[in-house]
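Please walk me through the side-chain packing of this protein. Take the aromatic rings, the disulfide and the nonpolar cores in turn.

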Amino acid sequence: MENFRVVQMMVVVTSVMVMVSLVASGDPIQLHRVGGSKGWRQDVNYTEWSAQEHVIVCDWLMFVFDKRYFNVLEVNKTSYENCIDRDFIKNVTRGGRDVVQLTDPKTYYYISGGGYCFHGMKVAVNVEEYQEPVPANAPSPSKIVSASILPSVYTCIWIIVANVLYVNLVSMGIL
């Protein structure tokens with residue numbers, strides 16, 4: 001019981017630190033629900049959905065779906081284009097309301113296996129570096145980088161730490 005209280009306290013402290021770092025940094029980190037209000041299912045045009053989203057490094061994707069039928073697999077570009085659901089990079093599926101953080105500026109590819117990809121359940125998400133707007137009378141670029149990059153780095157680190165802690169607690173059956 002005492003260990004459980006320690007774990008609860010760690011979760012609370014980590015959560016507070018993440019929230020404080022988000023507020024303090026001013027980073028525009030967002031949670032993008034894949035497919036919008038419809039979620040992850042067959043009758044959504046994910047190419048259109050993705051084209052309307054502006055996703056930056058450290059943003060999150062949330063897949064909402066019926067796990068009895070669908071799953072979420074991160075794949076490479078070739079597997080995405082050909083709906084190949086073996087040799088995937090990562091199985092994101094956990095419980096039907098699954099989140100994944102986008103930590104690198106690149107295109108991420110996700111499909112649903114079991115043939116559903118052939119029915120349109122695939123999405124390519126282009127992730128870009130965050131670009132702070134620069135006012136006309138801004139200081140030199142070196143001063144902007146030194147003043148603005150650290151908060152976003154700390155935010156990413158805290159989010160990753162919180163995510164790892166959460167996954168470990170879930171896998172241990174504590175949460």
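Which residues form one aromatic cluster? W40, Y46, F63, Y108 and Y110 do. Rings of Phe, Tyr and Trp (its six-membered ring) pair if their centres lie within 6.5 Å; planes under 30 degrees apart count as stacked, over 60 as edge-to-face and the rest as tilted. The structure holds seven such aromatic pairs.

This is a predicted model: local features need pLDDT of at least 70, side-chain atom pairs count only at pLDDT 80 or more, and totals for chains, interfaces and linings use all residues. Residues are numbered from 1 along each chain as its sequence is written, and side-chain values use heavy atoms, with hydrogens and water left out.

Start with one of the pairs. W40 lies in the loop between strand 1 (31–33) and helix 2 (46–52), and F63 in strand 3 (residues 60–64), so the pair ties together parts that are 23 residues apart in sequence. Helices (H or I, at least four residues) and strands (E, at least two) are DSSP runs, numbered from the N terminus. Buried means under 20% relative accessible area, exposed over 50%, partly exposed in between (1.4 Å probe, protein chains only). W40 is buried at 1%, and F63 is buried at 0%.

A nonpolar core is a set of buried Ala, Val, Leu, Ile, Met, Phe, Trp, Tyr and Cys residues joined through side-chain atoms within 4.5 Å. The largest has 22 residues, and W40, L61, F63, Y110 and V123 have the most contacts inside it. Helix 2, strand 3, strand 7 and strand 8 each supply at least two residues. Strand 8 gives the most, with three.

A second, separate core has seven residues, including Y80, C83, Y109 and C117. Two of these names lead to the disulfide (a pair of cysteine sulfur atoms within 2.5 Å). The structure holds one. C83 and C117 form it, with their sulfur atoms 2.1 Å apart. The torsion about the S-S bond is about -70 degrees, so this disulfide is left-handed. C83 lies in the loop between helix 3 (77–82) and strand 5 (90–91), and C117 in the loop between strand 7 (107–111) and strand 8 (122–128), so the bond ties together parts that are 34 residues apart in sequence. Both cysteines count as buried, C83 at 11% relative accessibility and C117 at 3%.
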